[in-house]
Amino acid sequence: MKNISGLLKIDTMLIAPYWKWLVMFFGIALLMSIVAGQSGLVFIISFTMFAGTFTAFNFENTEKSNLNVLYATLPTNRKSILFTRYIFILIVLVLSLIVAVGVGIIIDLAFGNTLYWEAFATLACISFAIYLFNTSFQTPFFYRFGYVKGKIFLWIPLIIIMIILNIPVLFDVFNLNVNFNIFEILFRNTTATSLIALAVGIVSITISYILSHKIYLKRDF
C-alpha cells in the first residue's frame, strides 16, 4: 500500500502540467450545455467524456521524460505500477463525476430548469460507462505502442460515442425520415439503462486491465 501511495503521487505530478487542458474541457462542456438548451445534463455527459482523455497525458509525460527507466529503479514492480495507473483512472472518474453532476445542477438552477433527479442519476451512470469505455479502450494501446504511436486510439472511442449521440442529426443531414432519438431510448427505462451502463463500464475496465497486464509485463523498455 505504501508503494501504491507513492506511485499515485508520481501520477499526480505527471498530470499536473496539463491542468489547463482540463479547464479547456470544462469550458467546452459548459459551452455545449448552453448551446444545447442550457442543460445541465448535457454538461454532465460532455465533461465526463472529455475528462477520459485527460488521463492520457500521464502516458505522454512518462514517454517524453523517459520515466520508464525511473520506474525500473523504484522499489516496486510492474504489477503495482499498472494497478496504480488504473486506480488513478478511477480517481479521476470519481472527481469528474462529482464536478460534472455538481455543475450540472448549478446550470439547471441558474437557468430555471426543473431538476429531474432520476435523469441526473441515469446520466451519471451513462457518463460512468462512457468514461470507462474511453479510458479502457485507449490504455492497452498506450502500453503496447507508447503515447506517440498509440494516441490515434485516443480519439476512436470519442468518435464512436459522438456518432452514436448525433445519429438523429446525421439522419437529418442525409434527409432520412427516421424517427430515432437516442436519449428517448435511454430514458425509456432508466433503471435498465443505469444497470446496463454500470455493467458496460465495469466490463470495459476489467478487460482493459487484463490486456494491459499482459502487454505491460511482457514489454521490454
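Leaving aside its neighbours within four places in sequence, with which residues is Leu186 in contact? The legends below take up this point among others, for a model that is predicted.

Figure 1. When neighbours within four places in sequence are set aside, the contacts of Leu186 are Ile126 and Thr193.

**Figure 2. Overall view of the protein chain in the predicted model****.** The secondary structure comprises 11 helices and 0 strands. Followed along the sequence, the chain accordingly reads α-α-α-α-α-α-α-α-α-α-α. The chain has 221 residues, of which 42% are buried.

**Figure 3. Packing of helix α2 against helix α3.** Helix α2 spans residues 19-35 and helix α3 spans residues 40-54; their axes are 8 Å apart and the packing angle is about 155°. Angles over 145 degrees count as roughly antiparallel, and α2 and α3 are therefore roughly antiparallel to each other. Their crossing is right-handed. On the α2 side, the contact is formed by Trp19, Leu22, Phe25, Phe26, Ile28, Ala29, Leu30, Met32 and Ser33; on the α3 side, by Val42, Phe43, Ser46, Phe47, Phe50, Thr53 and Phe54. By class, the residues of this contact comprise 13 nonpolar, 3 polar and no charged.

**Figure 4. The largest nonpolar core and the position of Phe43 within it****.** This core holds 52 residues, and the members that touch the most others are Phe43, Tyr71 and Tyr131. At least two core residues come from each of α1 (2-15), α2, α3, α4 (56-64), α6 (78-110), α7 (117-150), α8 (152-165) and α11 (190-218). With residues up to four places away in sequence not counted, Phe43 touches Phe26, Ala29, Leu30 and Ser33, together with Val99, Ala100, Val103, Gly104 and Ile107.

**Figure 5. Gly104 of helix α6.** Gly104 is located in helix α6. Is this residue buried or exposed? Gly104 counts as buried, because its relative accessibility is 0%. Although Gly104 and Phe43 are 61 residues apart in sequence, their C-alpha atoms are 5.8 Å apart in space. Residues up to four places away in sequence aside, Gly104 touches Gly40, Phe43, Ile44 and Phe120.

**Figure 6. Packing of helix α6 against helix α11.** The two axes come within 10 Å of each other and cross at roughly 150°. This angle makes α6 roughly antiparallel to α11. The crossing of α6 with α11 is right-handed. Helix α6 contributes Arg78, Lys79, Ile81, Leu82, Phe83 and Tyr86 to the contact, and helix α11 contributes Ile205, Ser208, Tyr209, Ser212, His213, Tyr216 and Leu217. Classified by type, the residues in the contact of α6 with α11 are 8 nonpolar, 3 polar and 2 charged.

Figure 7. Helix α4 is mostly covered, with 7 of its 9 residues buried. The buried positions are Ala56, Phe57, Asn58, Phe59, Glu60, Asn61 and Thr62. Glu60, which lies in this helix, has a relative accessible area of 12% and is therefore buried. Apart from neighbours within four places in sequence, Glu60 is in contact with Tyr18 and Tyr147. Just after α4, Asn66 adopts a positive phi of about 55°.

**Figure 8. Ala124 of helix α7.** Ala124 is part of helix α7. Why does Ala124 count as buried? The relative accessibility of Ala124 is 18%, and buried means under 20% relative accessible area. Not counting residues up to four places away in sequence, Ala124 touches Leu97 and Val101. Thr48 and Ala124 are 76 residues apart in sequence, and the distance between their C-alpha atoms is 9.0 Å.

Methods
Residues numbered from 1 in each chain as written. Predicted model: local features only at pLDDT ≥ 70, side-chain atom pairs only at ≥ 80, totals over all residues. Heavy atoms only, no water. Axes fitted to C-alpha atoms, helices over the stretch in contact; angles between N-to-C directions. Helix = DSSP H or I, 4+ residues; strand = E, 2+ residues; numbered from the N terminus. Parallel < 35°, antiparallel > 145°, perpendicular 65-115°, else oblique. Left-handed = near helix turned anticlockwise from the far one by under 90°. Contact = heavy atoms within 4.5 Å. Nonpolar A, V, L, I, M, F, W, Y, C, P; charged D, E, K, R; others polar. Core = buried A, V, L, I, M, F, W, Y, C linked by side-chain atoms within 4.5 Å. Buried < 20%, exposed > 50% of the residue type's maximum accessible area, 1.4 Å probe, protein only.
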